[in-house]
Amino acid sequence: MNRLCELLNLTFPVIQAPMAGSQGSALALAVSHAGGLGSLPAATLGLDALAAELQVLQGLGGRPYNVNFFCHTPPQPDATREARWNQALTPFYEQAGLAPPTGRATAARLPFNEAALAVLAMFKPPVVSFHFGLPTAASLQSIKAWGGKVLASATTVDEAVWLEAHGADVVIAQGWEAGGHRGMFLSDDLSSQMGLFALLPQVVRAVNVPVVAAGGIVDAPGVRAARALGADGVQVGTAFLWCPESQTHALHRAALASAQAHHTAVTNVFTGRPARGMVNRAMRELGDGQSCISPLAPAFPLAATAWGPLRASAEAAGSPDFTPLWAGQGAPHCQPHAAADLTRLLGEGWGE
Ligand SMILES: Cc1cc2nc3c(=O)[nH]c(=O)nc-3n(C[C@H](O)[C@H](O)[C@H](O)COP(=O)(O)O)c2cc1C
């Protein structure tokens, strides 16, 4: 028996990556029913919505599922930086005939906290995963006291060792190929980030807990490659964006199915933290000329506020120019599948 399946009580060592903003409990339910580990992203959920989604997942009748949180340190508000960012976005607003942003930024994504833990304690989810580090030792103790297993993302060998030392039961090795936010938390130096082929075997050697491979895996051959490099399982995000059970925005789906999927890049312009998405106008025009990173973006998650009205107006007109189109480098290789079929397809790749 695979040790990840044993630890988490799974049929397949396949984790559907939590994808805040692109899915809810429906996708998690379908994956967990099919024998993988479905994930509920909670980073953008209020407490009532979190409780409602966890209630839905009780329908799994004891099958495992995962709830995912961000663990970032909330930023110090910086009025000067926010004003500069408003100014950087002003030409886009003027061109769209909209009033430019002038207000202060608000944090739409809160880190894991006591209030979220209190909601979790009512439902006692079997698995809780974290991005950007781990919460306090006391929070981890509470989760483990009800039998919950703790997963967390590492983007370097140092982060993997740190996570194991601080109580993670499973380390997710997130390669540079991965869609969405880089889980990096010990360093913000992008040159420290590694491709999965290099990162995975080094993490496997450095820690004793099970290691899950994430980044660019979209099919059975990808799963086999991860297994050959020592992974105990895989975490797959982008391929699940195609599933009918996801809440992927129509413009995001259309971009995935287009030539745009061939060019992804890591950018900080949408939230203030590096994340991989399909290159669009916002990323191209706000980058520093060499990359899609802007030195002006306020700290995570404050860069997001100024985009609101522009993004809504562009989306209403059918344009994804200012929408974060998170996707990994495997995007052009994805096929549309129902979530249960994709889970089995990936899981059977493990066993072949
Ligand atoms: C649309 C999207 C949203 C994501 N949101 C989250 C999230 O809320 N929490 C998290 O831990 N990881 C998130 N990730 C990253 C995944 O955990 C994982 O590292 C990544 O999907 C793996 O690479 P792949 O997309 O190439 O399969 C997201 C990824 C995508 C594509």
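Q: Which term describes how α9 and α14 lie to each other?
A: This is a predicted model, in which local features need pLDDT of at least 70 and side-chain atom pairs count only at pLDDT 80 or more, while totals for chains, interfaces and linings use all residues. Residues are numbered from 1 along each chain as its sequence is written, and side-chain values use heavy atoms, without hydrogens and water. Helix α9 (residues 220-228) packs against helix α14 (residues 339-351) at about 40°, with axes 8 Å apart, where axes are lines fitted to C-alpha atoms over the stretch in contact and angles run from 0 to 180 degrees between N-to-C directions, and helices are DSSP runs of H or I of at least four residues. Angles under 35 degrees count as roughly parallel, over 145 as roughly antiparallel, 65 to 115 as roughly perpendicular and the rest as oblique, and therefore α9 and α14 are oblique.

Q: Which residues of α14 make the contact with α2?
A: Helix α2 (residues 25-33) and α14 cross at roughly 45°, their axes coming within 8 Å, and they are therefore oblique to each other. Leu 27, Ala 30 and Val 31 make the contact from α2, and from α14 it is made by Ala 339, Ala 340 and Thr 343.

Q: How many disulfides does the count come to?
A: A disulfide is taken as a pair of cysteine sulfur atoms within 2.5 Å. For Cys 292, the nearest cysteine sulfur, that of Cys 334, is 20 Å away. The sulfur of Cys 334 has its closest cysteine sulfur in Cys 243, 9.3 Å away and so too far for a bond. By this rule the number of disulfides is zero.

Q: Is Cys 334 buried or exposed?
A: Buried means under 20% relative accessible area, exposed over 50% and partly exposed in between, using a 1.4 Å probe and protein chains only. Since the relative accessibility of Cys 334 is 6%, this cysteine counts as buried.

Q: What is the phi of Asn 9?
A: Asn 9 lies in the loop between α1 (3-8) and β1 (14-16), and with a relative accessible area of 56% this residue is exposed. Most residues other than glycine have a negative phi. Asn 9 is not a glycine, yet its phi is positive, near 65°.

How values were computed
Helix = DSSP H or I, 4+ residues; strand = E, 2+ residues; numbered from the N terminus. Contact = heavy atoms within 4.5 Å.
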